[in-house]
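Here's a quick briefing to read alongside the model. Have the sequence and the 3D view open as you go.

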Amino acid sequence: MHSRARSPEAKLRRAEDLLDAARTLAADLGGVRHVTLAAVTEAAGLHPSAVRRYFDSKEELLLELAERGWNQWRDILTARLAGARGLTPVESATVVAATLVAQPLFCDLLTHVPLSLEGEVGIERARRYKTNSFAAYDGIVEALTSSSDTLTTTQVQDVIAAALGLTAQLWQVSHPTPSLAELYAQHPRWGHVALDFEPRLTRLLQAVAVGVTVTDGDGGAGKTR
């Protein structure tokens, strides 16, 4: 077991050890829903009681990973779009899908953030999450709007809203429990529908991106640019 962290640097390292352990466990166990604080502290080599010095709860630890996921998505997407101009709606949607798919842990967490994580932490921790995730969101919107010759800011926001909702749902059904995986093996049609995460996300986001350019939020004709 590690000794108790006494300096700020050591405390930060211990917190990073816990976050790294949670990432590994989520990947190894089949999702963050299987991650427990006991398993995280054991994997990080800490005493079970030590985790409370760094995170008040499992929800706070996972929310930290989600917050970092937002920053990573912004960085990956803006790097992908660096210098890009005149993208079509289909091309913009493809970038959104591809950069989300590149972050499996973030895709998984997108289900849990509104379901349990942000509502189960203190108000100041929730405020910090909202502040930082919205800052990343604004960067994503700006990068997509600047690189597109078609999509307005509002339309980009609609595409991102669709991306978040679709990812949260499709990721979970495409990563089934062992019993469901066995069921899909017995019924390949069900498995085909459930397991095609990346192609389905891409197709649906492309359809949304094209659709928002011809309709406004009320279903009427939209303005062209």
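**How helix 3 packs**

Helix 3 and helix 5 cross in a left-handed manner (left-handed if the near helix is turned anticlockwise from the far one by less than a right angle, right-handed if clockwise). Helices here are DSSP runs of H or I with at least four residues, strands are runs of E with at least two, and both are numbered from the N terminus. Keep in mind that this is a predicted model: local features need pLDDT of at least 70 and side-chain atom pairs count only at pLDDT 80 or more, while totals for chains, interfaces and linings use all residues. Residues are numbered from 1 along each chain as its sequence is written, and side-chain values use heavy atoms, with hydrogens and water left out.

**Helix 3 against helix 5**

- The axes of helix 3 and helix 5 (residues 104-117) come within 9 Å and cross at roughly 130°; axes are lines fitted to C-alpha atoms, for helices over the stretch in contact, and angles run from 0 to 180 degrees between N-to-C directions.
- That angle makes helix 3 oblique to helix 5 (under 35 degrees is roughly parallel, over 145 roughly antiparallel, 65 to 115 roughly perpendicular, and the rest oblique).
- On the helix 3 side, the contact (heavy atoms within 4.5 Å) is made by E59, L62, L63, L65, A66, G69, W70 and W73.
- Helix 5 brings L105, F106, L109, V113, S116 and L117 to that contact.
- The residues of the contact of helix 3 with helix 5 split into 11 nonpolar, two polar and one charged; Ala, Val, Leu, Ile, Met, Phe, Trp, Tyr, Cys and Pro count as nonpolar, Asp, Glu, Lys and Arg as charged, and the others, Gly among them, as polar.

**Helix 3 against helix 4**

- Helix 3 (residues 58-80) packs on helix 4 (residues 89-101) at an angle of about 135°, and their axes are 10 Å apart.
- So helix 3 is oblique to helix 4.
- The crossing of helix 3 past helix 4 is right-handed.
- W73, I76, L77 and R80 from helix 3 touch V95, V96, A98, T99 and L100 from helix 4.
- Sorted by type, the residues of the contact of helix 3 with helix 4 are seven nonpolar, one polar and one charged.

**Helix 3 against helix 1**

- Helix 1 (residues 8-29) and helix 3 have axes 10 Å apart and pack at an angle of about 85°.
- That puts helix 1 roughly perpendicular to helix 3.
- Five nonpolar, no polar and four charged residues make up the contact of helix 1 with helix 3.

**Salt bridges**

- There are 13 salt bridges in the structure (a side-chain nitrogen of Lys or Arg within 4 Å of a carboxyl oxygen of Asp or Glu).
- One of them joins the side chains of E64 and R68 at 2.8 Å, N to O.
- E64 and R68 are about one helical turn apart, because they sit four residues apart in helix 3.

**The chain as a whole**

- The chain has 10 helices and zero strands.
- Along its principal axes, the C-alpha trace spans about 60 × 50 × 30 Å.

- An unreviewed UniProt entry annotates residues 12-73 as "domain: HTH tetR-type"; positions follow the numbering used here, feature names are shortened, and annotations may be inferred rather than shown by experiment.
- Residues 12-73 are 68% helix and 0% strand, with end C-alpha atoms 23 Å apart.
- The unreviewed UniProt entry also has a "DNA-binding region" annotation covering residues 36-55.
- Residues 36-55 are 40% helix and 0% strand, and their end C-alpha atoms lie 13 Å apart.
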